[in-house]
Amino acid sequence: MADRVRIAQACRPPMATAVVMDGQHRRLRVEPAMTDYGSRGGERGEGMIDRVWYATVFVTDFQRGLAFYRDTLGLPLLHADEKFGHAGFKTEGALFRMQKVSDEQTKSFSGRHTGIGFGVKDLDAEYERLKAKSVRFTMVPEKMAWGGYMALFADPDGNVFYLDQLRPE
């Protein structure tokens, strides 16, 4: 058995500190997961998915969506093309994209919980900043049973996002 066990960042805090092998308890040394797979022996095979590259949210009004994500949230704009109803924003880790949907697609694509989470260093300060800009929160900052601290907010189309306080890696 390897001397080290890597637990994925999403599973922190670790729940197990020991394992039973051959009837004996053996202590595990838990280390944070590495994002550079080659740096600590987490070999990557050919053809494997490397990362989440981008996430797209669907909006019904391009200019309104652009103003919300760029001006209200403050996401750095990479490109915007109203003709094609598409905009891209640079965030750390993955690109965030906005795409206008047609009237027929509206109910299928927009106005739902996205499962997308934005991370901030100070959740309380960001909550107050966004609240002052009339962002609608569906859940105020709250300590979660699993140890996280988060809120939920919605864009003008009703797309709901997580707003999490970043934790030390």
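I started with Phe 153 and listed its contacts (heavy atoms within 4.5 Å), leaving aside neighbours within four places in sequence: Phe 68, Leu 73, Phe 118, Val 135, Arg 136, Phe 137, Thr 138, Asn 159, Val 160, Phe 161, Tyr 162 and Leu 163.

A note to myself on the ground rules: this is a predicted model, where local features need pLDDT of at least 70, side-chain atom pairs count only at pLDDT 80 or more, and totals for chains, interfaces and linings use all residues. Residues are numbered from 1 along each chain as its sequence is written, and side-chain values use heavy atoms, with hydrogens and water left out.

**Cores**

Next I looked up the nonpolar cores, meaning sets of buried Ala, Val, Leu, Ile, Met, Phe, Trp, Tyr and Cys residues joined through side-chain atoms within 4.5 Å. Buried is under 20% relative accessible area, exposed is over 50%, and partly exposed is in between (1.4 Å probe, protein chains only). The largest core holds 24 residues, and Tyr 69, Phe 96 and Phe 153 have the most contacts inside it. At least two residues each come from β5, α1, β7 (86-90), β8, β9 (113-120), α3 (123-132), β11 (149-154) and β12. Helix α1 gives the largest share, 4 residues. Another core lies apart from this one; it has 6 residues, including Met 144, Met 150, Leu 152 and Ala 154.

For element names I kept to DSSP runs, numbered from the N terminus: helices are H or I with at least four residues, strands are E with at least two.

**Sheet**

I then traced an open sheet of 4 strands, in the order β5-β8-β7-β6 with mixed pairing; two strands pair if DSSP finds at least two bridges between them. β5 (54-59) and β6 (77-81) each have a single partner strand and stand at the edges, so one side of each has no neighbour in the sheet. Between β5 and β8 (residues 95-100) I found 6 bridges, and the two strands run parallel. One pair I checked: Ala 55 has Phe 96 in β8 as its bridge partner.

**Two single residues**

Is Thr 72 buried or exposed? Thr 72 is buried, at 16% relative accessible area. I placed Thr 72 in helix α1 (residues 62-72). Not counting residues up to four places away in sequence, Thr 72 touches Ala 67, Arg 129, Leu 130, Lys 133 and Val 135.

Pro 168 was my last stop, in the segment after β12 (160-165). Pro 168 is exposed, with a relative accessible area of 75%. Its C-alpha atom is separated by 9.8 Å from that of Lys 121, 47 residues apart along the chain.
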